[in-house]
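Thanks for coming, everyone. Let me put the model up and walk you through a few spots.

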Amino acid sequence: MPVRIQSNAFDAGAELMALTNGRPDIGASVTFVGQVRELTGGKSLRTMTLEHYPAMAQSELERIEAEARARFEVQDIEVIHRFGDLSPGDPIVLVIATSASRQPAFDAANFIMDFLKTNAPFWKKEHGAEGSHWVDAKSSDDAATQRWQK
């Protein structure tokens, strides 16, 4: 399944091997792993809670993944996004894009991450020594999606 939303951790290396094993058509693989940072906004983070609306999140990630496949000459794509309580260093998101050459794989992975950050219905709540707060959307993420407008 090219798009998964799950609470448990993933092994990026194992996922890459499973996607590329026995695939001589693949000349390039781009793997992106987003992780929970210890410091955010200059403040120490103890944990982060990721919430989502399951059906809506799955549908939107599938839409983004399908659009990346249509736009870029890729052989395969895999997206895994986690939810639940996470600690600094924990992996949050995995994007793997494979293609015959490097540029389509890089472009597809960047495209997916840019739109995932702005369009996928996930909400982050950060918990630190100063208390807890919901993370607001960033204008820089919106600006990143603008480069993909046709």
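Is Gln 58 buried or exposed? Buried: its relative accessibility is 18%. On the cut-offs, buried means under 20% relative accessible area, exposed means over 50%, and partly exposed is in between, with a 1.4 Å probe and protein chains only.

Before I go on, the ground rules. This is a predicted model, so local features need pLDDT of at least 70, side-chain atom pairs count only at pLDDT 80 or more, and totals for chains, interfaces and linings use all residues. Residues are numbered from 1 along each chain as its sequence is written, and side-chain values use heavy atoms, with hydrogens and water left out.

Back to Gln 58. It lies in helix 2. Helices here are DSSP runs of H or I, at least four residues, and strands are runs of E, at least two, numbered from the N terminus. The Gln 58 side chain reaches the backbone oxygen of Val 3 at 3.2 Å. Gln 58 also touches Met 1, Val 3 and Ile 5, leaving out residues up to four places away in sequence. Contact means heavy atoms within 4.5 Å.

Now salt bridges. I mean a side-chain nitrogen of Lys or Arg within 4 Å of a carboxyl oxygen of Asp or Glu. How many does a search of the whole structure find? Ten.

Stay in helix 2, residues 54-71, for two of them. Arg 63 pairs with Glu 60, with the closest N and O atoms 2.7 Å apart. Those two sit three residues apart, about one turn of the helix. Arg 63 is partly exposed at 37% relative accessibility, while Glu 60 is buried at 16%.

Arg 71 and Glu 67 make another salt bridge, at 3.1 Å from N to O. They are four residues apart in helix 2, so about one helical turn separates them. Arg 71 is partly exposed at 26%. Glu 67 is partly exposed too, at 27%.

Next, Asp 114 and Arg 147. Their salt bridge has its closest N and O atoms 2.9 Å apart. Which end is buried, and which is exposed? Asp 114 counts as buried, at 13% relative accessibility. Arg 147 counts as exposed, at 52%.

Salt bridges that share partners join Arg 23, Asp 25, Glu 65, Arg 69 and Asp 76.

On to the strands. Thr 98 lies in strand 7. It is buried, with a relative accessible area of 0%. What does Thr 98 touch, not counting residues up to four places away in sequence? The list includes Leu 19, Thr 20, Ile 26, Val 74 and Ala 105. Asp 76 is on that list as well.

Val 33 is in strand 2. It is partly exposed, at 28%. Leaving aside neighbours within four places, Val 33 is in contact with Phe 10, Ala 12, Pro 91, Val 93 and Leu 94.

Asp 136 sits between strand 9 and helix 4. It is exposed, at 66% relative accessibility. From Asp 136 to Trp 123 is 8.7 Å, C-alpha to C-alpha, and 13 residues in sequence.

Last stop, the largest pocket. Its space is about 880 Å³. Of its 32 lining residues, the closest to the centre are Lys 117, Lys 124, Val 135, Lys 138 and Asp 141. The method uses a 1 Å grid over the protein atoms alone: a pocket is an open set of points where a 1.4 Å probe fits, with protein on both sides within 12 Å along at least five of seven lines, and lining residues have an atom within 4 Å of a point. Volume is the space filled by probe spheres set on the points, which are joined across faces, edges and corners.

Which element gives the largest share of the lining? Helix 3, with five residues. Among the elements supplying at least two residues each are strand 2, strand 7 and helix 4. By class, the lining has 15 nonpolar, eight polar and nine charged residues. Nonpolar covers Ala, Val, Leu, Ile, Met, Phe, Trp, Tyr, Cys and Pro; charged covers Asp, Glu, Lys and Arg; the others, Gly among them, are polar.

Key: A polar contact is a pair of N or O atoms within 3.5 Å; within protein, one must be able to donate a hydrogen and the other to accept it, and residues adjacent in sequence count only if both atoms are side-chain atoms.
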